[in-house]
Amino acid sequence: MPKFFFNKNDISRGQVQLFGEDEKHIKTVLRAREGEELTLCDGEGMDYQCRIASLERGVLLDILSKVVCETEPRTKITLYQGLPKADKMELIIQKCVELGVDRIVAVSTERAIVKLDKKESKKLERWQKIAEAAAKQSGRGKIPEIGQQVLKFKEAVAEAKELDGAIIPYEKEQETGIRQFVQGFRGESIGVFIGPEGGFAEEEIALAQENGITPITLGKRILRTETAGMTTAAILLYELD
């Protein structure tokens, strides 16, 4: 059943109206008719079962019931992604949102080829729209946040200290894997640091370790930056949820 996000404060007398892109999608893409049902989500973990009452002005919906959305993982993953080349970030955001990542932050690292200005709002806005589309498609109970600015590596490390734990896949780590990490993990929030195409500098790994971030191995093969984050998130959520 199609899902759309809305502001629950827009509910009036058991009804809500949708306009703009959602209206266009319902009318022209889904070709919905009065009497058909769809799901609205308030972005706070509640789903609203609705029936289309009118298509004359916007899309007027009658709210039939509401239930807790059960698709959100217990474990909240923040992905700190080293800036990749071309449009790889879009793929990373799309797939990681589908998997269940809670938040994605772009990080400027020493070996990153791409340099994105902190105030490059158009790029960040596009990434947020991709996250929203992926959240709709995958039935999420919230729209994961895309960090509103690009962080320097040391800023990301400082932020991750507020989480219950954090890991950083590193090709020189040979012993500790994700399974070993999760065996002793008792928290609910995890930071995952993924390097760009050139990987992390040794100084960055050292800084991460000094701040309690655990280097891990993802196996014997070297993964591309667009593969590593998805793989790590999938294994973490499988093991912890």
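F5 stands opposite C41 in β3. This is a predicted model, in which local features need pLDDT of at least 70 and side-chain atom pairs count only at pLDDT 80 or more, while totals for chains, interfaces and linings use all residues. Residues are numbered from 1 along each chain as its sequence is written, and side-chain values use heavy atoms, with hydrogens and water left out.

Let's start with the sheet. β1 runs parallel to β3 (residues 37-41), and three bridges link the two. Strands here are DSSP runs of E with at least two residues, helices are runs of H or I with at least four, and both are numbered from the N terminus. Two strands count as paired if DSSP finds at least two bridges between them.

Zooming out, the open sheet has five strands in the order β1-β3-β4-β5-β2, with mixed pairing. β1 (3-5) and β2 (15-18) are its edge strands, each pairing on one side only. On average, neighbouring strands of this sheet are turned by 40° against each other, direction ignored.

Helix α1 (residues 20-29) lies across β1, β2, β3, β4 (46-54) and β5 (59-68), and runs at about 165° to β1. Contact means heavy atoms within 4.5 Å. Axes are lines fitted to C-alpha atoms (for helices, over the stretch in contact), and angles between N-to-C directions run from 0 to 180 degrees.

Now for the pockets. A pocket is an open set of points on a 1 Å grid over the protein atoms alone, where a 1.4 Å probe fits and protein lies on both sides within 12 Å along at least five of seven lines; lining residues have an atom within 4 Å of a point. Grid points are joined across faces, edges and corners, and the volume is the space filled by probe spheres set on them.

| Pocket | Volume | Lining residues by class |
|---|---|---|
| Largest | about 480 Å³ | 10 nonpolar, seven polar, eight charged |

The largest pocket has 25 lining residues, with P169, Y170, E171, I222 and L223 nearest its centre. β11 (189-194) and α7 (225-240) each supply at least two residues of that lining, and α7 has the largest share, three residues.

F4, E21, D22, H25, K129, E132, A133 and K136 line the second largest pocket. Here α1 and α3 (121-138) are the elements giving two or more residues, and α3 gives the most, with four.

Definitions and conventions. Nonpolar A, V, L, I, M, F, W, Y, C, P; charged D, E, K, R; others polar.
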